[in-house]
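Please read them beside the structure itself.

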Amino acid sequence: MKRWLVRLWLPGVGIAVWQLSTSMQWLDPLFFPSPMRLLETFRQLTASGDIANHLSATLTRLMIAYTVGSAAGITMGLALGSLAFWRRSTQVVMSGLYSSPKLALLPAFLVLFGVNDFSRTLPAGLSCFVLMAVYSMDAVRAVKPTYVDLARIYGASRRALFFRVYVPACLPSLFTGLRLGLGTGLVMVVATEMLGAPSGLGAFIWITAHTLAVDRMYVGIALCGIVGATTNYLFERLERRMAPWIPQE
Amino acid sequence: MRIRCAELGVSYRSDGRLVEALAGVSLDVGEGEFISLVGPSGCGKTSLLRTVAGFVPASTGAVTRTGDTGDGSIGLVLQEDSLFPWMTAFANATFALEMRGVPQAQREEIARPVFARFGLGGRERAYPHELSAGMKQRVAVARAFLSKAGLLLMDEPFGALDAQTRQILQQELLGEWTASRRTVLFVTHDVEEAILLSSRVMVMTRQPGAICATYEIPFDYPRNYGLTLTDKFVALKRGIYAHLGVQPAEAVIAARRA
């Protein structure tokens with residue numbers, strides 16, 4: 001079977017069953033509008049430009065939080081992975097941060113930095129940062145000593161050791177972390193948007209739910225899902241290009 | 001390269017206990033010699049190899065390397081995981097050259113005949129996970145010979161291969177070594193392999209690891225597999241087996257009584 005067909009047949013069946021249950025009136029159309037209805041709502045929302053603004057607000061926040069947070073996290077993690085003293089010194093704080101809900105810090109950020117997009121992007125950025133720091137730190141420590149011995153004995157300099165051994169050896173874990181970070185980042189951005197942001201998919205979902213515009217709400221939720229699935233897919237492609245030695249399933 | 005180990009001792013801490021891996025190992029490897037270390041598992045063959053490589057510091061005695069050291073690097077082939085999974089066969093095999101700053105075009109030129117001799121022609125762009133176990137070891141051996149290292153260390157390089165592939169790789173190694181005569185220190189538990197390849201075979205005992213016997217192998221190079229069927233070969237093999245067979249059993253019984 002074609003690859004895309006395998007990926008898409010089950011969601012397709014799900015949507016068909018949903019459509020059937022609403023046309024047969026098994027589900028209350030007030031709370032469960034049909035997929036066709038949602039498509040129509042989506043078309044209207046697109047035409048008015050309304051949803052595009054919310055989508056771009058969410059994507060902008062996500063991209064900023066994700067790139068800055070992940071880049072800082074990877075740098076920190078690679079450094080901590082190779083410096084035992086600093087790793088141990090920061091261990092308590094890092095593990096505390098890793099397991100604490102970053103969303104809980106939003107009120108603090110709003111108080112500290114004002115009610116603006118910077119404060120709202122911070123929890124997502126922090127989540128990506130901590131996730132990538134932990135993932136890349138573990139990745140460095142998991143590099144097989146054999147590879148390091150081999151590179152050294154064949155004359156690798158410190159620089160070559162870093163770029164030709166440590167970085168590529170860590171890439172598979174880094175990619176896993178980056179993919180998870182994308183999901184976590186999206187969740188955090190949408191969640192912060194629900195807490196009083198003027199724009200974004202989170203705000204859109206929150207407001208439409210409160211005004212019982214259920215079909216619009218579902219369009220917002222579906223868009224979040226589509227953003228997640230698309231970015232994940234693009235990531236897989238990137239991974240295959242950048243790390244072709246990782247055997248694919 | 002010449003290697004001299006004088007009264008070498010290696011010990012390390014494990015679970016707070018001091019483990020003596022090697023004790024009083026004296027060993028002299030001449031320029032262009034092929035030396036094999038055989039012995040039961042746990043006799044410190046690998047420890048000795050790692051100490052010579054400089055990965056493990058000696059607790060007593062010292063290793064001195066003199067003579068033609070090539071570019072100062074050392075070639076290393078391990079039983080498995082010898083290749084970097086993120087590099088193609090070509091990049092792996094020419095890694096030492098790359099580290100010395102040899103440009104890509106020149107590396108390709110140097111590597112081509114070696115790849116051909118090892119039957120790797122056309123697989124230059126393959127990643128290790130796309131190669132069979134035998135192919136991977138060929139790349140690892142090719143890398144050792146492609147480096148300008150004056151000393152090649154091999155730790156059971158064919159230990160994980162099936163019998164037939166092992167025979168073929170032994171032949172290839174013999175051919176490559178006969179042509180270049182690099183100093184080789186070869187660890188194996190396969191007595192036949194040791195005799196076939198080496199100019200000298202050293203037998204080790206365990207607890208602590210030490211060299212208990214040295215056998216000069218009198219056959220001229222180039223050698224081939226037919227050698228293993230000669231009376232002289234079989235006699236040598238019997239001698240070494242006797243050493244290996246008696247030694248560990250005695251040690252085990254002695255340890256039980258103690």
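How many bridges join strand S6 of chain B to strand S7 of chain B, and do these strands run parallel or antiparallel?

1. Five bridges join strand S6 (residues 151-155) to strand S7 (residues 183-187) in chain B, and the two run parallel. Within this pair, B:Leu151 has B:Thr183 of S7(B) as its bridge partner. Strands are DSSP runs of E with at least two residues, helices are runs of H or I with at least four, and both are numbered from the N terminus; two strands pair if DSSP finds at least two bridges between them.

2. On provenance, this is a predicted model, in which local features need pLDDT of at least 70 and side-chain atom pairs count only at pLDDT 80 or more, while totals for chains, interfaces and linings use all residues. Residues are numbered from 1 along each chain as its sequence is written, chains are lettered from A and ligands numbered from 1 in the order in which they are written, and side-chain values use heavy atoms, with hydrogens and water left out.

3. The S6-S7 pair belongs to an open sheet of six strands in chain B, whose order is S5-S6-S7-S3-S8-S9 and whose pairing is mixed. Strand S5 (74-77) and strand S9 (210-216) of chain B each have a single partner strand, so these edge strands are left with one side lacking a neighbour in the sheet. Neighbouring strands of this sheet are turned by 20 degrees against each other on average, direction ignored, where axes are lines fitted to C-alpha atoms (for helices over the stretch in contact) and angles run from 0 to 180 degrees between N-to-C directions.

4. Helix H1 (residues 45-53) of chain B packs on this six-stranded sheet, where it touches S3, S5, S6, S7 and S8, and its direction makes about 155 degrees with that of S6(B); contact here means heavy atoms within 4.5 Å.

5. Chain B also holds an open sheet of three strands, ordered S2-S1-S4 with antiparallel pairing. Strand S2 (17-29) and strand S4 (60-66) of chain B stand at its edges with a single partner strand each, so one side of each has no neighbour in the sheet. Six bridges join strand S1 (residues 2-14) of chain B to S4(B), and B:Arg2 has B:Thr66 as its bridge partner there. H1(B) packs on this sheet as well, touching S1, S2 and S4 of chain B, with its direction at about 70 degrees to that of S2(B).

6. Turning to the interface, 25 residues of chain B are in contact with 18 residues of chain A. The two chains bury about 2,000 Å² between them, 69% of it on carbon and sulfur atoms, buried area being the accessible area (1.4 Å probe) that two parts lose on being put together, summed over both. In chain B, the residues that lose the most area to chain A are B:Asp81, B:Trp86 and B:Met99, together 32% of what that side buries.

7. The rule finds three salt bridges across this interface, a salt bridge being a side-chain nitrogen of Lys or Arg within 4 Å of a carboxyl oxygen of Asp or Glu. One to inspect is that between the side chains of B:Asp81 and A:Lys144, at 2.8 Å from N to O.

8. On the chain A side, A:Ala169 lies in helix H8 (residues 158-194) of chain A. Not counting residues up to four places away in sequence, A:Ala169 touches A:Val143 and B:Trp86.
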